[in-house]
Every structure is written in C-alpha cells, then in structure tokens.
Amino acid sequence: MPFPPDPIAAVIHPDPYPYYADLVASKPIYRDETLGLWVASSAAMVRAVLTSDICRVRPLKEPIPKALLGSPAATIFGHLVRWNDGEQHGPCKQAVQACMQSIEERSTAELGHKWARFLLGESQPQTASRLQDFAFHLPVYVIASLLGVPQEELHHTAVWVSEYVSGLAPSSPPSQVKQGKIASRHLLDLFRALSRRLQAGLDQSLLASLAWEAKRAGCEEAEVIVANGIGFLSQAYEATAGLIGNTVVTLASHRNVREQVAADPRLLRLVIEEVLRYDPPEQNTRRTLLRMDMLLVKPCKRATVFLSFWQPQIVIHRSTRTLSDSTYKGRTGVCLPSVLVPTPVQAKRLLL
Ligand code: HEM
C-alpha cells in the first residue's frame with residue numbers, strides 16, 4: 001500500500017503506521033514545506049515539543065480563532081484549559097485535572113451501559129449510520145449526565161456539541177461556523193442554568209466538583225467553570241467516538257479476537273488497550289512557537305506550527321500516562337481515553 005502523501009493525510013489512511021515508522025527512523029523532526037509545518041515524530045522530539053516552554057497551544061496573536069470572535073463560541077473557547085497556556089489558567093487546569101481523575105470513580109460505567117443500551121435500541125436494525133450516531137452520542141450522553149444535564153436535554157446537548165465542534169476547525173465552511181455559534185449559545189444557556197443551580201450546594205455532579213475544585217485552586221469565575229464544563233463534552237466527543245470506532249473496526253477485522261471476546265466479554269478491555277496502543281483515535285496535535293529559537297538542534301522561525309506525532313510506541317495510551325507524570329509538566333493535563341468505550345455486552349451487540 002503506498003504511503004500517504006503527508007502526515008495530515010496519514011490520519012485517514014487505512015494503515016499509516018509503516019509511514020509513521022519510516023518518519024521516525026528517517027526524519028524524527030523536519031520541515032514539511034508543502035504543509036508549511038514542522039513535523040516532530042520520534043518519542044524524544046514529541047516529548048521535547050510538548051514539554052517546551054516556547055511551544056504553545058495557540059498563536060500569541062490569535063488566542064481565539066478569528067472566525068469565532070464576538071460569538072458565544074469564542075466565550076467558551078477563550079476559557080478552555082485545553083486551548084490556553086499561561087499562569088492565569090493554572091488553577092482551572094488543576095481543577096479540570098482533579099475532576100478528570102474523579103470521572104473514573106463516578107458511576108461512569110453504569111451510565112455508559114445505560115445510555116449505550118438506550119442509543120443502540122434493542123429492537124432496531126444496526127446499520128453503519130446508527131453505529132456512527134452511537135459512537136458520537138454515547139460520550140456526550142455519559143459525560144453530560146455526570147455533569148448534571150437532565151435526561152430530557154441529553155439529545156439536544158449531543159447535537160449542540162456536534163455542531164459546536166464542527167464549527168471550530170479552521171477548514172469549516174461558513175455555514176458550519178454559523179451553526180456552531182448558534183449551538184454554543186444553547187450550550188452556554190444550558191450550563192449557565194446548571195451553574196446557577198449549584199448555588200444551593202446540594203449538587204454532587206461533575207460540574208459541582210469542577211466548581212468546588214476551581215474554588216479550592218483559587219478560581220471562582222462562573223464563566224470559566226461553565227466553559228470548562230462544556231469543554232469536558234467537546235474533549236470527550238470526537239476522541240471517544242474514534243476509540244469506539246477503531247475498536248469496532250479491530251474486532252470486525254480480527255475474527256479470532258472477536259470470537260474470544262464473544263466467548264469472554266471481559267477480554268474487551270484488553271482489546272481496547274491494544275487499540276489505544278496500535279490504532280489510536282488521536283494521532284497528532286499542534287503547537288505554536290512563541291519566538292525564534294533553537295528547538296532540539298533545529299533553528300526554528302517564530303510562529304512556526306509544529307505537528308507532533310503520537311507514534312505507535314508512545315501512542316496516546318502511553319502518552320496519556322505521561323500526561324500526568326512529572327516529566328510532562330507542560331500545559332497538558334490528564335485525560336482518560338478508555339473510560340467510555342462500550343461495555344462488553346454492548347460490544348457484542350454491535351459486532352456479533
Ligand atoms: C471521557 C472522555 C474524555 C474526556 C472527558 C477528555 C478530556 C480532556 C481534557 C479536559 C483535555 C485537556 C487537558 C488539559 O489541557 O489540561 C484533554 C486532552 C487530551 N485528550 Fe482527552 N478526553 C477524553 C477522551 C480522550 C480520548 C479517547 C483520547 C484519545 C485516545 C484523548 C486524547 C487526548 C489528548 C491527546 C489530549 C492532549 C491534546 C493536546 O494537548 O494537544 N482524550 N482531554
């Protein structure tokens with residue numbers, strides 16, 4: 001199979017891993033003139049970029065994408081710890097990280113089971129588009145439930161998150177950006193209302209924990225809590241859908257594994273771990289250089305964008321471990337990729 005033409009095209013290639021391995025071996029860091037990006041691919045280079053003080057998540061001059069400015073989508077984006085570096089975001093990042101750790105301790109698996117059953121619909125035929133809806137809606141249904149979104153609002157929330165996320169990409173057409181802004185307004189209204197209800201102090205939701213942890217860390221701004229509550233949904237959305245999809249593809253293409261999982265559904269967790277190692281749903285991320293500098297022996301121009309690869313040996317699964325370890329003290333926090341994958345029973349129903 002021919003290699004993909006470049007690292008961006010690689011993410012939709014059926015098997016990009018020989019190409020990534022070749023990049024790692026031949027050019028662990030290089031400038032791709034066609035893309036106009038530096039590409040870091042080896043573990044050492046990726047780590048160096050992610051932990052460098054001069055590599056930031058957004059360009060200094062454009063902290064919020066221009067297309068979103070003046071809209072509710074900008075209000076959310078501007079407060080997200082995912083899209084901000086810098087000292088002032090430290091307390092909220094700390095709060096988000098504390099809450100991420102608590103997600104696994106909550107009734108996440110139970111909720112996953114409940115909403116997966118609901119979304120799959122016992123009596124309806126399973127088609128590719130239903131599988132797609134399932135994969136994208138399940139993360140939102142579960143995380144939104146944890147955040148305290150009422151059951152009757154879950155469907156709308158999933159649609160709004162989808163529209164909000166679709167409007168963020170630099171390549172999104174104006175109609176999608178517009179729809180994303182409308183959806184952002186709905187999400188803000190919903191989360192502001194939830195946030196006002198927290199005042200009563202009886203709430204045990206993930207949003208209440210976020211507010212509490214943020215207060216403890218020294219951040220009491222309601223809009224920051226609201227935005228990062230929505231941020232849990234947007235972060236979980238595509239990556240978890242991708243993980244569900246890649247797990248389904250793996251099972252569908254490995255009969256032997258599928259039969260073993262069918263015989264003992266507890267094995268599914270191990271399969272998911274292997275999917276995270278060998279076919280992760282997130283394969284790259286970007287950083288912007290703050291100033292012209294030497295980064296790993298390469299002189300790099302100011303504002304050059306890096307595309308950093310999670311190559312198979314340190315794919316997301318492992319790198320998420322490093323996200324919380326002390327060597328990874330850059331801006332990124334903890335993330336728990338496998339928390340929402342289908343339970344064995346649902347996987348059986350999806351596949352067999
Ligand atoms: C319950 C589902 C998930 C939630 C709530 C979640 C939440 C988050 C949050 C809040 C961040 C930002 C952390 C920070 O900047 O301090 C983050 C980053 C990240 N997440 Fe997740 N996540 C989920 C699932 C996943 C999955 C399934 C993957 C892929 C396997 C993934 C991969 C990543 C990566 C690579 C980053 C760092 C991106 C960067 O800094 O460039 N996440 N996630």
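## A look at the fold and its cores

Of the 352 residues in the protein chain, 37% are buried (20 or more other C-beta atoms within 10 Å of the residue's own, with C-beta atoms placed from the backbone). This is a predicted model, where local features need pLDDT of at least 70, side-chain atom pairs count only at pLDDT 80 or more, and totals for chains, interfaces and linings use all residues. Residues are numbered from 1 along each chain as its sequence is written.

The protein chain holds 14 helices and seven strands, taken as DSSP runs (H or I, at least four residues, for helices; E, at least two, for strands) and numbered from the N terminus.

Let's turn to the nonpolar cores, which are sets of buried Ala, Val, Leu, Ile, Met, Phe, Trp, Tyr and Cys residues joined through C-beta atoms within 7 Å. The largest has 61 residues, and Ile143, Leu187 and Leu233 have the most contacts inside it. Helix H10 supplies the largest share of this core, 13 residues. A second, separate core of ten residues includes Ile29, Val46, Leu50 and Cys55.

H10 itself spans residues 222–253 and reaches 47 Å from its first C-alpha to its last, close to the 46 Å expected (1.5 Å times one less than its number of residues). At Tyr237, H10 bends by about 30 degrees, the angle between axes fitted to the seven residues ending there and the seven starting there.

Now for a pair of strands:

| Strand | Residues |
|---|---|
| S1 | residues 29–32 |
| S2 | residues 37–40 |

S1 and S2 pair in the antiparallel sense over four bridges (DSSP must find at least two bridges for a pair). Asp32 stands opposite Leu37 in S2. The two strands form a hairpin with four residues between them, and Gly36 in the turn has a positive phi of about 70 degrees.

Technical notes. Buried ≥ 20, exposed ≤ 12 C-beta atoms within 10 Å, placed from the backbone.
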